[in-house]
Structure formats: C-alpha cells, structure tokens
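Let's take a walk through this structure together, one feature at a time. Have the sequence and the 3D view open as you read.

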Amino acid sequence: MSKSRRRLAPLVWLVALGACNSIVGIEDLHEGPRPGTQNEGGDGTGATNSTGGKSNVAGDDNPGGTTPVTGGEPSSNAGTGNEGLVGGQGGSGTESPIGGAGGANNPVLSPVHGHVIDFWGKPIPDLPVQIGEVLTSTDAKGEFTVADVPATYDVSMVLNHSTAFGDQSDAWVYLGLSRRDPTLQMFWGGDQNYGYAAYTFNPKPTKLSTQTIWVGFGGPDGNYNHDNVDATGTTGSEVDWYGPTTTKDTLHALQWTKDGNDLPTAYSFYGTASINLSQSDTNTSVNVPFTKGTLDVATMTGTATSVGAGTRSNQVYLGFADSARIKLLDYDGPKAALDAFSYKVPTGIVGGDLTVAAIQGYQYSGFQVAHADALAADAKPALQIPPLVVQLTPAAGAKNVDQTTKFTVKDPGGAPGPYVAMFYSQDAPSGDPQAYQTIFIVTAKPSFTIPTIIGGGFAMYPGNDYLWSIGTFGAYASVDAMVSPGGFIDEFALDETRAYGPRRVSGQYSNSATRKFTTKP
C-alpha cells in the first residue's frame, strides 16, 4: 500500500530582532480540522471523524483521584484586562490590549523561563513563542526565556506540521498568566508518520467465536490499537505516531472471552514484544510470545454519576507505562447498569493497570467524561461526570465574525476551572491547496475576543467557515495551575471516544456542542 503525503511549506519568519524584538510578518500559515477527531468538514451537526486522544491533570497541582484536585499558584490579574487583543501597547480598562510594557497595576517584574511540550510530554524545539512584543523561539529542549515580563502576561505559539489529512497550522494562546516557569502544552509537536507491522503469535492460540484478540502499540511518540485480530496475526497493519520518522514501540496482545453484550467473562493469552517502526510502506515483522493460557480474573465495581440527559456508556482499558492501551469493553446498556457497574478484569499482567471511564453525550453535540486511572483490579472508583459549558455568543451561524466579536460562555456550575476555546476551520480560501488551521485559547475569562497571534502574523482566513467549542480539563484553580510540569490535556481530548496517550491520571473532560460561524470577508 503506497502513501502520498504532502509536507508543509516551512514558515517564513521575517523577524526584526531590534530594540523591541517585534515581528514583521509570517507566510505559509494554513488551516486545520478539529484536533484529534480530524474531521474533514461538515456543518457541525456530526461529520465524519478519525482517531486520535489523551489525559487530564498532571504534576503537583493534581495528584489524581476520581475528581481532579485543584492547586497551583494563584493568578494575579489585577488591572490587566485580559479579554482584549494580544500584542498591544498597553491601555487600561477591562478590555485593554494585552502584552504592553506594563503600568502601575502591571509592572515589569522578572523574566519568564518557559517550557513547551506536546501531547506526549515531549519538548517542542524551534517553536516561535511571543510574549508582549518579544518574539523568541524554543531551544532543543523546548525551553525559552523572555526578560522583563509584566506580572501578568499572555503568550502565543504557532506550529506547522503535516497529518494524514494534509498540512496543518496550530496556534495556541494562553491568557492571563503570572507564573514565571510555565509548561505550555500543545497537541502536536511534529508530523504524523506511518509504518506497517505484521505479527504472529507463538504458540498460535485457538480463537472461538466468543473470543477476541486485541493488540495495542505504545511508545514515546504515540499509541495505536488493533481490535479483533485473527489468531494468526494481522498482516500490513498501519501504525501511526508523531514526531520522528522512526520510533520504537512495545506491542501488547490480549485474548479474552466475552458474553452476548460484549462484556469480558474470562481472559486467556497475553504476550508482549518490542518493535522498531519506520516511515515506510514495508511491513516490520515481529513474533509475539503468548506465554500463558489462563489469566486470573477479578471483579471491579464502582459508580458513575451523570449530569442531566444524554446517551451514556462506560469503557474499561488495560494500560501500560509505555502508553499502550487495550480497550476491554465499551458498554452502552441500561443506565442503571452503567451508573452502578461491575466488570470482569484481568489480574497478574506485569506492568498493567486499569482505566475506567464514564461517558455522556456525543462528539459535536456535547461530550463529557470522568475517568479513574492507574487502578488495581479490586478498585472501587466513584466517577462524577462534569457538566457542559454553555455557549452564549455569537449565535450559531453568525456572520462577519472578526477580532471585535465577543465570544461568551456560561459557567455550568461545579467549578469547571479555566476554559479552552477551540476553533477549527472548515475550508481553505479559494485557490489555496487543501490545508487546515486550529486555534486554542486558554483563559479563565467567560468572555473574550479572538486574540492577535504572534504579533498579527497568524490570522483566520477571511470569509471562511469555522466551528468552535469550549473544553474543560478538570477543576483547575487558574490558568497558572494548568501550566504545571506535565501539562493538562486530558486523555479523551484528542479522540472523545477513547482514552489515548501516555498519561494515566484520573480526571474529567468536557467539550461543548460545536457552533458554526463565518469570518468577515
């Protein structure tokens, strides 16, 4: 199977690194689909998607548990007015431009030494970063330093990369920071790559009609699942990852028996093996030893409390420290059986632990999840599904949206913490090649406008359709608390239908219904 993948034209950063270090211009910035779901278009009512997804709170600010624990350094926002445009020259009032030289209420204090990581926790090198009028970039370790930063500041970043769906440009803006050592997280840190794996099991197991075999790959650059694999293995299975063109993964395979509701009843063979993958159309073969014919089984019981109406389901995963996950069940039976659940899970698998998630709603119409991670088989998790943030303005289908348009949301209660506003384009401008753009705005304010990003060098396409939604990532006390070491992006934030990524930290995630608007021509 051959692949043809276009590479993104490099950014042309025209930077005048003079007395004010201001940016002059940027070329070749493109548009992108919804993160992770990689939706190729639609009107926001439920278009097609692919895979992708990941975890919540990390670092000392959230040690885990079924409900995230808040913490971190308090944010100091006095007199800054963080709802306005980024990169201005000062000003005053509740909506003054951000990023100016300071003032009586926001004096220049000290340097900011930051660190930028991707969804997988890896540093992102050579990434343009701007605070106020100062444009810099990350070094090989993903670190940057900006001197003489006001007490409260905003930071913007842009990454261009390629995916299976084409070239993509991702912009992130963090508003109202005061922390001097932020860890800023983005979804992607590099290009999406593909390799092919062929695997055989030794000894070859017997597979009955009531049995299934799943294979999960995991490594430092991504993870991937294959479901219902034949007992002889799968030939030509595609595995994807992000960043380098070669990666080393660990393969985990598990066989189990299920009942008529697809719920596990018994577990048999388990095996693991290492595999080196490269960006290639050629299969990499690996022999997977299935070393045990019967595994011990325990019963995990727990509860899940839902919020309002909406379709419910529960999921359980077997996970490993190398980021591999195998989905043991995805059950959408009677609500009573979902709210008080009991599932058969495997025990005695070295290095394996369990994740259980309670899910409500659907992509694009509103989605909420609570999950408990790194569980032992006899754990008794109690999950609380979070409420959805309500979008107020602009109205669905709004026209002529620009940087003066107010985006406002309503706190649903339950201390959702800061918001992440997510914008994703539906089309490229006329005459442009297929390209995508995403914008993420991290803010504690329930009202904001589209910021100026990288000094104005990145902007939404004029006269184009966009979808937007509001995500929450647990009950963080402030944006400062979200930029703790380890990042904040939840394991369900990239693909709202499955746990994804290296982190196994209990938490909550919600994503509001999507709304469509059209930018000003």
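**A walk through the fold**

Start with helix H1 (residues 335–339), where aspartate 339 and lysine 335 sit four residues apart, so about one helical turn separates them. Keep in mind that what you're looking at is a predicted model. These two residues form a salt bridge, with their closest N and O atoms 2.4 Å apart.

Side chains of opposite charge can pair when their charged atoms come close. In this structure there are 11 salt bridges. One of them joins aspartate 221 to lysine 122, with 2.5 Å between the closest N and O atoms. This one links distant parts of the chain, 99 residues apart: aspartate 221 is in the loop between strand E11 (211–219) and strand E12 (222–226), and lysine 122 is in the loop between strand E3 (108–117) and strand E4 (128–131). Aspartate 221 is buried, at 6% relative accessible area, and lysine 122 counts as buried too, at 18%. Now look at aspartate 262 and lysine 258, a salt bridge whose closest N and O atoms are 3.7 Å apart. Here aspartate 262 is partly exposed at 46% relative accessibility, and lysine 258 is partly exposed at 25%.

Next, the aromatic rings. The count comes to 28 aromatic pairs. Take phenylalanine 187 and tryptophan 188: their ring centres are 6.5 Å apart and their planes meet at 45 degrees, so this pair is tilted. Both phenylalanine 187 and tryptophan 188 are buried. Tryptophan 188 also pairs with tyrosine 242, this time stacked, at 4.2 Å centre to centre and with 20 degrees between the planes. Because tryptophan 188 lies in the loop between strand E9 (183–185) and strand E10 (192–202), and tyrosine 242 in strand E13 (residues 237–242), the pair ties together parts that are 54 residues apart in sequence. Tyrosine 242 is buried as well, at 2% relative accessibility. These residues are part of one aromatic cluster, whose members include Phe187, Trp188, Tyr242, Phe440 and Tyr509.

Last stop: a sheet. Three strands make up an open sheet in the order E24-E26-E29, paired antiparallel. Strand E24 (390–393) and strand E29 (447–448) are the edges, each pairing on one side only. Between E24 and strand E26 (residues 407–410) there are three bridges, and valine 390 has lysine 410 in E26 as its bridge partner.

Note on methods. Residues are numbered from 1 along each chain as its sequence is written. This is a predicted model: local features need pLDDT of at least 70, side-chain atom pairs count only at pLDDT 80 or more; totals for chains, interfaces and linings use all residues. Side-chain values use heavy atoms; hydrogens and water are left out. Two strands pair if DSSP finds at least two bridges between them. Helices (H or I, at least four residues) and strands (E, at least two) are DSSP runs, numbered from the N terminus. Rings of Phe, Tyr and Trp (its six-membered ring) pair if their centres lie within 6.5 Å; planes under 30 degrees apart count as stacked, over 60 as edge-to-face and the rest as tilted. Buried means under 20% relative accessible area, exposed over 50%, partly exposed in between (1.4 Å probe, protein chains only). A salt bridge is a side-chain nitrogen of Lys or Arg within 4 Å of a carboxyl oxygen of Asp or Glu.
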